[in-house]
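Let's walk through a structure together, one question at a time. Have the viewer open and follow along.

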Amino acid sequence: MAKKKIGLIGGGQIGGNLALLAVQKNLGDVVLYDIPVAEGLVKGKALDINQLSAVDGYDSRVLGTTDWKDVAGSDVIIITAGVPRKPGMTREQLLDVNLTIMKDVAANIKQHAPNAFVINVANPLDAMVFALHKIAGLKDNMVVGMAGVLDTSRFKCFVAEALNTSIRDVEALVLGGHGDDMVPLVRHSTVGGVPLTELLPKDKLDAIIDRTRKGGAELVGLYKTGSAYFAPAASSISMAESFLFDRKRVLPVAALLKGQYGINDFFFGVPAQIGAGGVEKIHTVELNESEKAEIAKSFASVKATVDAYDGTVTLYEWDDQD
Ligand code: APR
């Protein structure tokens, strides 16, 4: 079987960790792309990781590049091109600058890798993946946003900590947009099959929900110069793996909805099966009235961000001048 090709767009903090994880998991050969000003950064990271491969005996290779032609033929692309938050900022405040970057990235994906399965990580997440899908003209099932795996992972981490129990047995689900009104579904969460609501009192659960919602901001506050990168990279790789190896895992991802959860033609965090066909299935969870209200609130935030720019993005048409 030919080696898979993984295109990483953006070679910053998350991009570098993605490259490392992809190599350590032998997912395939990696192309780490960034803009010319960051040429040394991506070439350096590629060289450094390739030297690590020699020590540990990994077969995957990394190419650091500023040429989109090297990205062509990627099976999967993960986009982290964009500016991260600084303390005090919301993800939505990144919209203007990151939309400009996304317009460039999406147009190049359309030209160089239109058949790849594309995972977006840049924020504001749900709005960026909407723009990506539209500008690059990607098939509905071949483009997703990474947020739910990370948000769910944060939730599980705090639950395991509160109970002093193995994180492996925590099952949880966080739905909705990747913003402060994301929806951790406590009622659907269990530890070793035992409902979470029987294991922790309401005040503790509320504190965990609050910390999950602000999980990204907590890290921005600690790092000061940027946002989280280890867990976002690992979360994105789990989605890429499910696609590359047809694992058919059901993961919370920002997928294009067509009426599910009462939402049409927007990307929103829902449980979806990811396999060789990209998004193969979207699952609908039975929600009670208060959960439905939380979903509606989260969706209103996503929609407001998309509505703020939607008129300015269209399918990119290449001409000879490009
Ligand atoms: N094409 C490719 N790469 C680009 C482009 C572009 N047009 N514009 C900027 N970049 C690169 C930058 O040069 C930088 O190397 O994107 C990289 C971003 O890296 P970091 O600043 O380290 O940001 P990171 O922490 O990786 O986060 C990236 O993911 O989680 C989100 O909010 C976060 O939107 C941010 C993104």
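**A guided look at the predicted model**

Student: What is the phi of Asn-164?
Tutor: Most residues other than glycine have a negative phi. Asn-164 is not a glycine, yet its phi is positive, at about 50 degrees.

Student: Lys-248 is another one to check; where does it lie, and what is its relative accessible area?
Tutor: Lys-248 also has a positive phi without being a glycine, with a value near 60 degrees. You will find Lys-248 in the loop between helix H8 (230-244) and strand S12 (249-258). Lys-248 is partly exposed, and its relative accessible area is 37%.

Student: Which residues does Thr-305 contact, leaving aside its neighbours within four places in sequence?
Tutor: Thr-305 belongs to helix H9 (residues 289-307), and at 10% relative accessibility it counts as buried. Its side chain reaches the backbone oxygen of Ser-301 at 3.0 Å. Beyond those sequence neighbours, Thr-305 is in contact with Glu-92, Leu-95, Pro-124 and Ala-127.

Student: Staying with H9, how far apart are its end C-alpha atoms?
Tutor: At the N-terminal end, Asn-288 caps H9 with a side-chain oxygen 3.2 Å from the backbone nitrogen of Ser-290. H9 has 19 residues, which should span 27 Å at 1.5 Å a residue. The computed distance agrees with that: the end C-alpha atoms are 26 Å apart.

Student: Within what arc do the buried residues of H9 fall?
Tutor: The buried residues of H9 are Glu-291, Ile-295, Ser-298, Phe-299, Val-302, Thr-305 and Val-306. They line one face of the helix, because seen down the axis of H9 they fall within an arc of 115 degrees.

Student: Which residues are exposed on the other side of H9, and what do its buried residues pack against?
Tutor: On the other side, Glu-289 and Lys-297 are exposed. The buried residues of H9 pack against helix H3 (95-112), H4, strand S8 (174-175), strand S9 (183-184) and strand S13 (264-275).

Student: How many residues does helix H2 have, and how far does it reach?
Tutor: H2 covers residues 39-56, and at 1.5 Å a residue its expected reach is 26 Å. After H2 comes Gly-57, whose phi is positive, near 75 degrees. H2 has 18 residues and reaches 26 Å from its first C-alpha to its last, close to expectation.

Student: Which residues of H2 are buried, and what covers them?
Tutor: The buried residues of H2 are Val-42, Ala-46, Ile-49, Asn-50 and Ser-53. Seen down the axis of H2, they fall within an arc of 105 degrees, so they line one face of the helix. The face turned away from them carries the exposed residues Gly-40, Leu-47, Asp-48, Ala-54 and Val-55. Their cover includes helix H1 (13-24), strand S2 (29-33) and strand S3 (62-65).

Student: What is the relative accessibility of Ser-236?
Tutor: Ser-236 lies in helix H8. Leaving aside neighbours within four places in sequence, Ser-236 is in contact with Leu-18, Ile-78, Ile-119, Val-121 and Met-146. Ser-236 counts as buried, with a relative accessibility of 0%.

Student: Now the ligand: which of the residues around it come nearest?
Tutor: There are 23 residues around the ligand. Those that come nearest are Gln-13, Ile-14, Asp-34, Thr-80 and Asp-104.

Student: How much of the ligand does the protein bury?
Tutor: A polar side-chain atom of Asp-34 lies 2.6 Å from a ligand oxygen atom. A polar backbone atom of Gly-82 is 3.4 Å from an oxygen atom of the ligand, and an N or O atom in the side chain of Asn-98 is 3.3 Å from one. Taken alone the ligand exposes 730 Å², and the share of that buried by the protein is 87%.

Key:
Residues numbered from 1 in each chain as written. Predicted model: local features only at pLDDT ≥ 70, side-chain atom pairs only at ≥ 80, totals over all residues. Heavy atoms only, no water. Helix = DSSP H or I, 4+ residues; strand = E, 2+ residues; numbered from the N terminus. Buried < 20%, exposed > 50% of the residue type's maximum accessible area, 1.4 Å probe, protein only. Polar contact = N/O pair within 3.5 Å; in protein donor to acceptor, adjacent residues only side chain to side chain. Contact = heavy atoms within 4.5 Å. Expected span 1.5 Å × (residues − 1). Arc of directions from axis to C-beta. Near = heavy atom within 4 Å. Areas by Shrake-Rupley, 256 points an atom, 1.4 Å probe, with all protein chains shown as cover.
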